[in-house]
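I am keeping these notes as I go through a protein model by eye and by computed values. Each entry records what I looked up and what I found.

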Amino acid sequence: MFFLTILVIIYLFVMGYLAYRGYRGTRTATDYLIAGREIHPVVMALSYGAAFISTSAVVGFGGVAAVYGLGILWLCFLNIFVGIFIAFVVLGSRTRFIGHKLNAHTFPELLSKRYQSIFIQGLVAVLILLFMPLYSGVVLMGASKFIEVRLGIGYETALFFFATLVAMYVAVGGLKGVMYADALQGGIMLVGMLTLLIMTYAGLGGITGAHQQLTDLSPRIIEIMGDRGHQGWTAMPTFGSQIWWVLVSSIIFGVGIGVLAQPQLAVRYMTVKSRRELNRAVLVGGVFILVLTGGAFITGALSNLYFYNDPEVNEIALIAANRDIDQIIPRFITNYMPGWLGDVFFVTLMAAAMSTVCSQFHAMGAAAGRDVYEGLIGSAGKWSSIVVVRLGILVTFLMSVALAYILPVHLAGAGAAIVARGTAIFFGLCAATFMPMYVGGLYFRFITRSGAIWGALTGFVISAFWLTFVHRQESSVLLLSDYLFGKPTIVGDARTGFILWAEVDPLVVALPASIIVTVLVSLFTRPLPEEHLAQCFETERS
Amino acid sequence: MTLGFADPWITLAFLLCLGSAALCVIYGYLNWNSGGDAPEKPSPEDEAWIHEEEELEDEL
């Protein structure tokens, strides 16, 4: 406890100092752009990675790996290949170029200026304000779950403690992106996770040996979840089974693809000096995501062996954690890793949560002030936009804390991976609603304003409908389907070939529909003015 | 080589994780200096962007 307290104090002191320096002397985004001041690409990549990876990835998806197994490594692959390589190499420089050309500073503003539509700015900003609190809520929840187990206090107390800490940090340092502070958080995360991964493998006699032991333990999980398609932690679930659909459509596809249209990440491309910096950041980013997500997933799956080999527990992780999937990683680290590593990991997770939450509130504050208030109301408003930004942050913060408080109470003991599900829902919504107009806007001249709007609305409406009435995991909790139709999902157990409709993630239906509508409507509606398109698609210089 | 996994799809995913991270490292290394040097002075467009970004950052 003493060591932990000292670590936390040092961490907070250093973060506070960096935030103060950022406040006093440097401005992350703009400083970086100003010639003559070099920020090393390692710093840029670590800060991006810190915003990308949160407690949700470590605690939430690590817990999912402990239950569903290493098929989740496909998500790790997509996180590296799509979330870093494609994002930086393909989307990054175009986003930066068009963002600067059109003088856009937020994600909604970028889309609005690209399509010359204030409606788009309002729509995207409102969706961010309404749904991002779910994501920030589960990030808070992931950290609080760890604090709960590590300090042996109640979840509510842990949540209150952590939310207060975040509020204080934001109040003192502001949300001004302090790239060095983010990079430090990223560095802490990298070292913490790498140590945990090495220790986990070492305790099981090496890499192949550990995997083999997990393979040998598989009959135990097949006994519990085999009827739903589980084939062991080191095998993919049966094709078309319930678990296959959850793992592949929601976790792997939803999160792996959804990362491309994350508002809080897309804006970061605009703050780099040239394409060269993005190329350089790919090097560090790839390794960072490999260690953080791969480490969390492998550790999660292997935790089963630690729980099972403990004579006092002698059970797999899911049962040992009383079916609370979000408690698996915290319990594993607290019970089976040396105390000092648990303490270091405590700070690691704080860093992971803090950096992501800050980037989320940055996006939400900007959406409230710049996009909704300044964009829609403009000079007619009575308040200064600073007031609106603060109010926006306060309200979304309270919404996030409320969700982090309510969700575990509502879903206690249901075996729900709340943190991972919350993240997947948000990522899926972003992909289905924003991706066609964002990626299309960067690369295709023919997409029209109407195409973009109708595509986004289609993606959003289908996602919302599917979540409420079809996708069992959410519809059975939201209860509207039950209220109106007397059953938790309107499709029941219907199956068409390998498609088990109630388990198909909304994204699988909503994203293709959104792309088709965007293209079709664009083909039949008035294109944007040629001079505007010429400005957007003028040859990129760097 | 199955690396102790029961299913080649998992072995493939494991190797693809390492492979894609290696791709990032190789790409970053080979393109370390490509993509254009940062200009000595930002262009007028970039100047305008920086100015407005600073205002937004101040609000936050």
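The entries below go topic by topic, and I note at the start that the model is predicted.

**Entry 1: the largest pocket**

I began with the open space in the protein. How much space lies in the largest pocket? I found about 1000 Å³ there. I then looked up its lining, which is made of 40 residues. The closest to the pocket's centre are Leu411(A), Arg421(A), Gln473(A), Glu474(A) and Val477(A).

Next I sorted the lining by residue type. I got 27 nonpolar residues, seven polar ones and six charged ones. I also checked which helices take part. Those of chain A that each supply at least two lining residues include helix 4 (55-68), helix 7 (118-151), helix 10 (207-225) and helix 11 (242-258). Helix 17 (385-411), helix 18 (418-443), helix 19 (449-470) and helix 20 (472-478) also each give at least two.

**Entry 2: Gly232(A)**

I looked for Gly232(A) and found it in the loop between helix 10 and helix 11 of chain A. Is Gly232(A) buried or exposed? Its relative accessibility is 0%, so it counts as buried; the cut-off for buried is under 20%. I listed its contacts, leaving out residues up to four places away in sequence, and got Ser218(A), Ile221(A) and Ile222(A). I also noted a pair: Gly232(A) and Val67(A) are 165 residues apart in sequence, while their C-alpha atoms are 9.4 Å apart in space.

**Entry 3: two residues of helix 16**

Thr356(A) belongs to helix 16 (residues 339-377) of chain A. I recorded a relative accessible area of 0% for Thr356(A), so this residue is buried. A polar atom of its side chain lies 3.3 Å from the backbone oxygen of Ile53(A). Which residues does Thr356(A) contact, leaving aside neighbours within four places in sequence? I found Ala50(A), Ala51(A), Ile53(A), Ser54(A), Tyr135(A) and Val139(A).

Asp343(A) also has its place in helix 16 of chain A. Asp343(A) counts as buried because its relative accessibility is 7%. Not counting residues up to four places away in sequence, Asp343(A) touches Phe3(A), Leu4(A), Leu7(A) and Arg150(A).

**Entry 4: cysteines**

I reminded myself that a disulfide is a covalent bond between the sulfur atoms of two cysteines.

I checked the accessibility of both. Cys358(A) has a relative accessible area of 11% and is therefore buried. Cys430(A), at 2% relative accessibility, counts as buried too.

**Entry 5: positive phi angles**

Last, I looked at two backbone angles. Asn103(A) has a positive phi of about 55°, although it is not a glycine. I located Asn103(A) in the loop between helix 5 (73-101) and helix 6 (107-114) of chain A.

Gln116(A) is not a glycine either, and its phi is positive at about 50°. Gln116(A) is in the loop between helix 6 and helix 7 of chain A. Its relative accessibility is 36%, so Gln116(A) counts as partly exposed.

Terms used: Residues are numbered from 1 along each chain as its sequence is written. Chains are lettered from A and ligands numbered from 1 in the order in which they are written. This is a predicted model: local features need pLDDT of at least 70, side-chain atom pairs count only at pLDDT 80 or more; totals for chains, interfaces and linings use all residues. Side-chain values use heavy atoms; hydrogens and water are left out. On a 1 Å grid over the protein atoms alone, a cavity is a set of points where a 1.4 Å probe fits but cannot get out, and a pocket is an open set with protein on both sides within 12 Å along at least five of seven lines; lining residues have an atom within 4 Å of a point. Grid points are joined across faces, edges and corners, and a volume is the space filled by probe spheres set on the points. Helices (H or I, at least four residues) and strands (E, at least two) are DSSP runs, numbered from the N terminus. Ala, Val, Leu, Ile, Met, Phe, Trp, Tyr, Cys and Pro count as nonpolar, Asp, Glu, Lys and Arg as charged, and the others, Gly among them, as polar. Buried means under 20% relative accessible area, exposed over 50%, partly exposed in between (1.4 Å probe, protein chains only). Contact means heavy atoms within 4.5 Å. A polar contact is a pair of N or O atoms within 3.5 Å; within protein, one must be able to donate a hydrogen and the other to accept it, and residues adjacent in sequence count only if both atoms are side-chain atoms.
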